[in-house]
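Here's a quick tour of a protein fold for anyone just getting started. Take a look at the sequence and the 3D view, then read on.

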Amino acid sequence: MPEGPEIRRAADEVAAAIQGKIATRVTFGLDHLKPMEKLLSGHKVVAVETHGKAMLTRFEHGQNIYSHNQLYGRWYTAPTGQRPDISRQLRLSIETADRWALLYSASDIAVLPDAALAEHPFLSTLGPDVLDSSVTVETIEARLSSPRYRNRRLGNFLTEQRFVAGLGNYLRCEILFCSGLAANIRPADLDGAQRHQLAENILALPRQSYRTGGITNTLDAARKLLDAGATFEQARFHVFRRAGKPCYRCGNTIEKITSGGQACYWCPGCQQTG
Ligand SMILES: [Zn+2]
């Protein structure tokens, strides 16, 4: 599933194509949304926001298209009229005079007026967004220490969108590795310095991934691996999807376990267990 950084990059591409322009025609590939086409067509797109893994396309007259890509949703942008050569279901198109944005395969799409955003079942429960530059390390530390989370295992709640918005499984594994902590540790097990470092990584890794197109490995290490002939997928992570391979930091073998219902990759040599 795409995580916060991937959705933010898709939103940047959609914004470059349609933001600040009149959406001359909006069409939906879902029957229940067809009546909304008239409501949106002919109005200017004023912003393309992300809220965790959800995207909000905002129109000048106070209407919004909410979309969540889930597992399969995929945005494309192109000169208006040009379609990518794929066999997916087109679910939404936002057309402007020169370019359009197309959303394929997603089914979690809604049209909402501004006044309804605060009540939306997903948006209204989101924690602080890790890609929102106004969110601070102190905010994350306070959440980790709060009664709601301090006695829960990190592996079980880091990807809960009500804890913080935007983390998925690769970020969870990489944050735990960079913090030197196994998935079964609880915030209550940490001293102040460890909690601070964990909070820093919860913000720093998604932000680096956003800037670099998906690299959570240290940038020096990734560059050396790429120079030595590694593929991008091989170079981008410390531990994610590297089970059976040696840890770049300590040489121990990376292991794969199940934590919080998902595969969790970790290094027994680098990460302290609870
Ligand atoms: Zn290691």
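The points below go through the sheet, the helices and the nonpolar cores. Keep in mind that this is a predicted model.

**The five-stranded sheet**

- Let's start with some background: strands in a sheet pair up through backbone hydrogen bonds, and they can do that parallel or antiparallel.
- Here, five strands build an open sheet with antiparallel pairing, in the order S1-S3-S4-S5-S9.
- Strand S1 (22–23) and strand S9 (108–113) sit at the edges with a single partner strand each, so one side of each has no neighbour in the sheet.
- S1 and strand S3 (residues 43–51) run antiparallel and are joined by two bridges.
- If you want to spot a bridge pair, find Ala23 and look across to S3, where its partner is His43.
- Helix H1 (residues 4–18) packs on this sheet and touches S1, S3 and strand S4 (54–59). The direction of H1 makes about 170° with that of S3.

**Another pair of strands**

- Strand S2 (residues 25–28) pairs with strand S7 (residues 90–95) over four bridges, in the antiparallel sense.
- Across from Arg25 you'll find Glu95 in S7.
- In a regular strand, side chains alternate between the two faces of the sheet.
- Which residues of S2 are on its covered face, and which on its uncovered one? Val26 and Phe28 are on the covered face, while Arg25 and Thr27 are on the uncovered one.

- For H1 and helix H7 (residues 192–212), the axes come within 8 Å and cross at roughly 40°.
- The crossing of H1 and H7 is right-handed.
- H1 brings Gly4, Pro5, Arg8 and Arg9 to the contact, and H7 brings Pro206, Ser209 and Tyr210.
- Sorted by class, that contact has three nonpolar, two polar and two charged residues.

**The nonpolar cores**

- The largest nonpolar core has 40 residues, and those touching the most other members are Cys173, Leu176, Phe177, Ile202, Val239 and Trp266.
- Leaving out residues up to four places away in sequence, Trp266 touches several residues, including Ala182, Ala183, Ile257 and Gln271.
- There's also a second, separate core of 28 residues, with Ala23, Val48, Met55 and Ile65 among them.

Note on methods:
Residues numbered from 1 in each chain as written. Predicted model: local features only at pLDDT ≥ 70, side-chain atom pairs only at ≥ 80, totals over all residues. Pairing = 2+ DSSP bridges. Contact = placed C-beta atoms within 7 Å. Axes fitted to C-alpha atoms, helices over the stretch in contact; angles between N-to-C directions. Left-handed = near helix turned anticlockwise from the far one by under 90°. Nonpolar A, V, L, I, M, F, W, Y, C, P; charged D, E, K, R; others polar. Buried ≥ 20, exposed ≤ 12 C-beta atoms within 10 Å, placed from the backbone. Core = buried A, V, L, I, M, F, W, Y, C linked by C-beta atoms within 7 Å.
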